[in-house]
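Q: Could you take me through this structure? I would like to begin with the strands and then move on to other parts.

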Amino acid sequence: MKNFELFLADEQVTEAFGFGLAKKISVPLVIYLNGNLGAGKTTLVRGLLKGLGHKGSTKSPTYTLVEPYLLNGISVYHFDLYRLADPEELEYIGIREYQTERAILIFEWPEQGRGWIPDADLMIHLEYHETGRSLKLQCLNDKLANDWQFDDILCQNEMK
Ligand SMILES: Nc1ncnc2c1ncn2[C@@H]1O[C@H](COP(=O)(O)OP(=O)(O)O)[C@@H](O)[C@H]1O
Ligand SMILES: [Mg+2]
């Protein structure tokens, strides 16, 4: 499946979507999260990290640029490029070193790093919709699009 849309009624549903997505994905993977401030990007990442086995809290890397996790042998790098003044900073932090065969890279505000960050396999757009959020997922990696079904993420995966 290449594209789908979904309504996320509240914060718990956004988190549950991230949790369910974690059960679908495999390494290596690059995810872009688009959407305005407060659209739910970090909430989705919190669910994703839980789904990958993370037990602690999820820090928003707004000031640190990147927050690293090692979860069951998988390196997860959660980037937030909102405050990135110059994309060249990504070169200084060694952006290329992060992309390995065992890594998942997640970018909030990917447009801020355009030209310097790896291309996305999955692009997720979050928008305010009524009192909740709407989510659009695009799969840009043809192999993944053929292998995966995304539309059942919320029904199949109960958060524990
Ligand atoms: N589906 C949703 N419906 C309503 N509120 C939500 C939803 N998902 C997340 N939120 C709320 O939106 C706020 C912003 O979330 P956050 O994930 O920090 O946004 P971002 O990282 O995009 O700036 C949080 O208070 C969160 O509880
Ligand atoms: Mg955020």
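Q: What is the bridge partner of Ile-124 in β7?
A: Ile-124 has Leu-137 as its bridge partner in β7. Helices (H or I, at least four residues) and strands (E, at least two) are DSSP runs, numbered from the N terminus. The model is predicted: local features need pLDDT of at least 70, side-chain atom pairs count only at pLDDT 80 or more, and totals for chains, interfaces and linings use all residues. Residues are numbered from 1 along each chain as its sequence is written, while chains are lettered from A and ligands numbered from 1 in the order in which they are written.

Q: How many bridges join β6 to β7?
A: Eight bridges join β6 to β7, and these strands run antiparallel. They form a hairpin with two residues between them, and Glu-130 in the turn has a positive phi of about 50 degrees.

Q: What is the strand order of the sheet?
A: The order is β1-β7-β6-β2-β5-β4-β3, in an open sheet of seven strands with mixed pairing. Two strands pair if DSSP finds at least two bridges between them.

Q: Which strands stand at the edges?
A: The edge strands are β1 (3–8) and β3; each has a single partner strand, so one side of each is left without a neighbour in the sheet. On average, neighbouring strands of this sheet are turned by 15 degrees against each other, direction ignored.

Q: In which sense do β1 and β7 pair?
A: They pair in the antiparallel sense, over six bridges. In β7, Arg-133 is the bridge partner of Leu-8, and Ser-134 is that of Phe-7.

Q: Which strands does α2 touch where it packs on the sheet?
A: α2 touches β2, β3, β4, β5 and β6, and its direction makes about 165 degrees with that of β5. Axes are lines fitted to C-alpha atoms, for helices over the stretch in contact, and angles run from 0 to 180 degrees between N-to-C directions.

Q: How many residues of α2 are buried?
A: Eleven of the eleven residues of α2 are buried, so this helix is largely enclosed by the rest of the structure. A residue is buried if 20 or more other C-beta atoms lie within 10 Å of its own, exposed if 12 or fewer, and partly exposed in between, with C-beta atoms placed from the backbone. The cover over the buried residues of α2 includes α1, β2, β3 (66–71), β4, β5 and β6. Gly-53, which follows α2, has a positive phi near 110 degrees.

Q: Turning to the ligand, which residues come nearest to ligand 1?
A: Thr-14, Gly-40, Lys-41, Thr-42 and Thr-43 come nearest, of the 16 residues around ligand 1 (C-beta atom, placed from the backbone, within 6 Å). The elements giving two or more residues to this shell are α1, α2 and β7.

Q: How do the residues of that shell divide into nonpolar, polar and charged?
A: The shell around ligand 1 has four nonpolar, seven polar and five charged residues. Ala, Val, Leu, Ile, Met, Phe, Trp, Tyr, Cys and Pro count as nonpolar, Asp, Glu, Lys and Arg as charged, and the others, Gly among them, as polar.

Q: Which residues touch the most other members of the largest nonpolar core?
A: Ile-31, Leu-33, Ile-106, Phe-107 and Ile-124 do, out of 36 residues in that core. α1 gives the most to this core, with five residues. A nonpolar core is a set of buried Ala, Val, Leu, Ile, Met, Phe, Trp, Tyr and Cys residues joined through C-beta atoms within 7 Å.

Q: What is Phe-107 in contact with?
A: Leaving aside neighbours within four places in sequence, Phe-107 is in contact (C-beta atoms, placed from the backbone, within 7 Å) with Tyr-32, Leu-33, Phe-79, Leu-81, Gly-113 and Ile-117.

Q: Now the backbone. Which peptide bond is cis?
A: The bond from Val-27 to Pro-28 is cis, with omega near -10 degrees. Pro-28 is in the loop between α1 and β2.

Q: What is phi of Leu-65, and of Asn-72?
A: Phi of Leu-65 is near 75 degrees, a positive value in a residue other than glycine. Leu-65 lies in the loop between α2 and β3 and counts as partly exposed, with 19 C-beta neighbours inside 10 Å. For Asn-72, phi is near 50 degrees, a positive value in a residue other than glycine. Asn-72 is in the loop between β3 and β4, and it counts as exposed because it has 7 C-beta neighbours inside 10 Å.

How values were computed
Contact = placed C-beta atoms within 7 Å.
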